[in-house]
Amino acid sequence: MWVYEKKLQYPVRVSKCDPRMARYLIEQYGGADGELAAALRYLNQRYTIPDKVIGLLTDIGTEEFAHLEMIATMVYKLTKDATVEQLKEAGLGDHYANHDKALFYNNAAGVPWTAAYIQAKGDPIADLYEDIAAEEKARATYQWLIDMTDDVDLQDSLKFLREREVVHSQRFREAVEILKAEQGKKTFY
Amino acid sequence: MSEQYRVYAPFIGPFDPCPPIKLKYYSTPPQLFLGFQPQNLPQFSPYEALAKGTLWPALFSPYEPKNS
């Protein structure tokens, strides 16, 4: 069960009218390494992972939904007041033809999200290593998004999200250490 | 840019069509090196932690856009 708090995890301010940036940001919405993929991956893997790390996957999976909301807010702000002509100029003509101004789970190239992006192998080490890789790929995606805008307010929110990927990766790496230490009882940390 | 990156000099061919980028950079953020996080690390103030996205300076990874 979830309790919803009607506010964003971190404020999202967009200062530059730049509908094209929405097209790029959608990569983190419905892309392979995006927040939707991350949330669904962790919240599904947690059922078949050792008890000690279930809570971690629940917490991080939940936080990914908070990030998804932030990305959605950015995309919405960048597109809600755009004319059809502006959307076409921004490379969002294809999107408009299919979705009007509705958000949709697709990547920056318009490829719809698919469950094939995520895996639940049932092997705890395999799953956690996928999770670490997912966090690093999402971190890299945020870097390229930060590179692609000169809106300092948008950059600020994206930098926060990138830092959260760093912290999540750290926690997944620690989860691997916990599972490694279980058997031999080597408490070297 | 912070120290959390590495640099390399890619091969530049004599017949490359475009002006070369002589140095290339990639991120090496702190989670690659920390191992299991030690207890009682120094912390940011609560306000600073909320703004930065982490409670611990040891996990803070600044990033500046490449074209700035």
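**View 1. Helix H3 of chain A is largely enclosed by the rest of the structure, because nine of its 11 residues are buried.** The model shown here is predicted. H3 covers residues 35-45 of chain A. Buried here means under 20% relative accessible area. An α-helix has 3.6 residues a turn, so residues three or four places apart point the same way.

**View 2. Chain B holds one helix and two strands.** Start at the N terminus and follow the chain. The order of elements is β-β-α.

**View 3. Chain B has a radius of gyration of 17 Å.** For a compact globule of 68 residues, the value would be near 11 Å. The C-alpha trace of chain B spans about 55 × 25 × 10 Å along its principal axes. Take the contacts in chain B between residues at least 6 apart in sequence: 29% of them join residues at least 24 apart.

**View 4. The surface of chain B exposes about 5000 Å².** Carbon and sulfur atoms supply 61% of that area. Chain B has 68 residues, and 24% of them count as buried.

**View 5. Chain B carries 5 positive and 4 negative side chains.** The centres of the positive and negative sets lie 6 Å apart.

Technical notes: Residues are numbered from 1 along each chain as its sequence is written. Chains are lettered from A and ligands numbered from 1 in the order in which they are written. This is a predicted model: local features need pLDDT of at least 70, side-chain atom pairs count only at pLDDT 80 or more; totals for chains, interfaces and linings use all residues. Side-chain values use heavy atoms; hydrogens and water are left out. Helices (H or I, at least four residues) and strands (E, at least two) are DSSP runs, numbered from the N terminus. The radius of gyration is taken over C-alpha atoms; the globule rule is 2.2 Å times the number of residues to the power 0.38. Buried means under 20% relative accessible area, exposed over 50%, partly exposed in between (1.4 Å probe, protein chains only). Contact means heavy atoms within 4.5 Å. Accessible areas come from the Shrake-Rupley method with a 1.4 Å probe; for residues, only the protein chains shown count as cover. Lys and Arg count as positive and Asp and Glu as negative; His and the chain ends are not counted. The place of a charge is taken as NZ of Lys, CZ of Arg, CG of Asp or CD of Glu.
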